[in-house]
Amino acid sequence: MKIHRHQIYFLVIVFGLAAGVLLNCAGGQKLAVTNLKCEYLKNPLGIDIPQPRLSWTVSSNLRGISQSAYRILVADNREFLRDDTGNIWDSGEVSSAQSVNVVYDGEQLQSGDTYYWKVRIWNQDAEQSPWSEINTFHTGLLQPSDWEAEWITAGDAALQAPLLRTKFEVDKRIESAHAYVTGVGYYELYLNGGKVGDHVLDPGMTNYRKRVLYTTYDVTDQLNSGVNAAGIILGNGAYRMERVEGRYSWGGGGAAFGAPRALLQLDIAFSDGTEKRIITDGSWQSSSGPITFNHFYGGE
């Protein structure tokens with residue numbers, strides 16, 4: 001293949017432009033903080049430990065870059081961080097190479113709140129990075145007393161997959177809404193006819209005598225102005241594993257703690273600063289549903 005002189009000039013020009021772009025990119029990313037995580041998760045919901053651990057990645061297109069110090073800002077309002085103010089925690093400049101599992105050490109976190117945070121670092125030559133992007137973490141219910149909801153079950157304990165339901169009204173503009181929910185053995189939560197989240201076989205199996213796991217969902221977009229309906233479908237799971245002919249069961253006889261039950265607390269924050277809480281209690285209605293059999297090993 002013959003390459004003519006004008007083609008060579010063209011290749012040189014293209015190579016020069018590409019090299020210039022790469023150099024500009026390298027200069028633009030000399031030092032940056034990326035990949036912020038709280039408890040190993042990006043912008044998590046329902047963190048339920050009082051001092052969560054924060055992590056980040058030191059990014060650079062240059063070799064031999066290391067962190068010599070960091071500064072973390074945490075605020076309860078995004079606007080504070082835009083003004084570089086951490087009204088909940090300002091770590092100050094901390095001389096440390098640590099960028100994984102830095103323990104939060106600010107004011108006491110409150111249940112059911114969203115917190116905003118960002119980081120900047122210094123490298124080994126005391127050069128300062130720009131602030132990272134603002135990330136968030138949301139707290140779950142940190143104290144047992146934060147739960148106002150009551151465990152509920154169907155009126156007919158023999159139902160295999162009972163339906164639980166309630167209605168409530170929303171008459172103000174919603175700022176945010178979070179649902180804290182669990183069930184034993186399994187549950188699915190619905191709001192206004194749509195399933196909440198993408199989990200299946202939730203919650204994970206535990207020793208129910210000691211611990212039951214719950215999940216936090218942001219359901220702001222699933223609520224309507226006016227009348228709303230919340231529904232829960234319950235399954236037996238490992239909570240009620242009765243002996244069934246032709247089906248395997250633990251110990252041959254199963255392990256039944258009782259009828260399946262649910263626990264839900266839905267906290268709604270309105271734009272005017274007021275709040276509303278929907279909980280499972282004795283006012284919920286129950287009925288049979290389309291599922292007539294479900295068994296931990298026997299299927300549905």
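# Strands, salt bridges and surface patches

In strand E19, Gln285 is the bridge partner of Arg165. That contact belongs to an antiparallel pairing of E9 and E19 (residues 285–287), made over three bridges. The model is predicted. The points below cover strand pairing, salt bridges and surface patches.

- Leu191 has Gly194 in E12 as its bridge partner.
- E11 and E12 form a hairpin with two residues between the strands.
- Asn192 in this hairpin takes a positive phi near 50°.

**The three-strand sheet**

- Strands E1, E2 and E6 form an open sheet in the order E1-E2-E6, with antiparallel pairing.
- Which strands stand at the edges? They are E1 (32–38) and E6 (102–103).
- Each edge strand has a single partner strand, so one side of each is left without a neighbour in the sheet.
- Five bridges hold the antiparallel pairing of E1 with E2 (residues 53–59).
- Within that pairing, Thr57 in E2 has Thr34 opposite.

**Strands E7 and E8**

- E7 and E8 pair in the antiparallel sense over four bridges.
- Tyr116 stands opposite Thr136 in E8.
- Strand E8 (residues 135–138) is covered on both faces.
- Asn135 and Phe137 lie on one side, Thr136 and His138 on the other, and all are buried.
- Arg120 is found in strand E7 (residues 114–123).
- Is Arg120 buried or exposed? Its relative accessibility is 15%, so Arg120 counts as buried; the cut-off is under 20%.
- The C-alpha atoms of Arg120 and Leu31 are separated by 9.8 Å, though the two residues are 89 apart along the chain.

**Salt bridges**

- The count of salt bridges comes to nine.
- One of them joins the side chains of Lys30 and Glu127, at 3.4 Å from N to O.
- Lys30 lies in the loop between helix H1 (5–28) and E1, and Glu127 in the loop between E7 and E8, so this pair ties together parts 97 residues apart in sequence.
- Both ends are partly exposed: Lys30 has a relative accessible area of 38%, and Glu127 is at 33% relative accessibility.
- Arg53 and Glu39 form another salt bridge, with their closest N and O atoms 2.8 Å apart.
- Arg53 sits in strand E2 and Glu39 in the loop between E1 and E2, 14 residues apart.
- Arg53 counts as partly exposed at 29% relative accessibility, whereas Glu39 counts as buried at 15%.
- Glu188 and Lys195 also meet through their side chains, at 3.7 Å from N to O.
- Glu188 is partly exposed at 28% relative accessibility, and Lys195 is partly exposed at 29%.
- Glu148, Asp267 and Arg277 are linked in a network of salt bridges.

**Surface patches**

- Asp76, Glu107, Asp113 and Glu275 gather in a patch of negative charge on the surface.
- Where is Asp76 found? Asp76 is in the loop between strand E3 (67–75) and helix H2 (78–82).
- Asp76 counts as partly exposed, at 40% relative accessibility.
- A nonpolar patch is formed on the surface by Met205, Tyr248, Trp250 and Tyr297.
- Together, these four residues have about 440 Å² of accessible area.
- Met205 is found in the loop between strand E12 (194–195) and strand E13 (215–218).
- Met205 counts as partly exposed, at 48% relative accessibility.

Terms used: Residues are numbered from 1 along each chain as its sequence is written. This is a predicted model: local features need pLDDT of at least 70, side-chain atom pairs count only at pLDDT 80 or more; totals for chains, interfaces and linings use all residues. Side-chain values use heavy atoms; hydrogens and water are left out. Patches are made of residues with over 30% relative accessible area and no salt bridge: like charges are joined within 9 Å, nonpolar side chains (Val, Leu, Ile, Met, Phe, Trp, Tyr) within 5 Å. Accessible areas come from the Shrake-Rupley method with a 1.4 Å probe; for residues, only the protein chains shown count as cover. Lys and Arg count as positive and Asp and Glu as negative; His and the chain ends are not counted. The place of a charge is taken as NZ of Lys, CZ of Arg, CG of Asp or CD of Glu. Buried means under 20% relative accessible area, exposed over 50%, partly exposed in between (1.4 Å probe, protein chains only). Two strands pair if DSSP finds at least two bridges between them.
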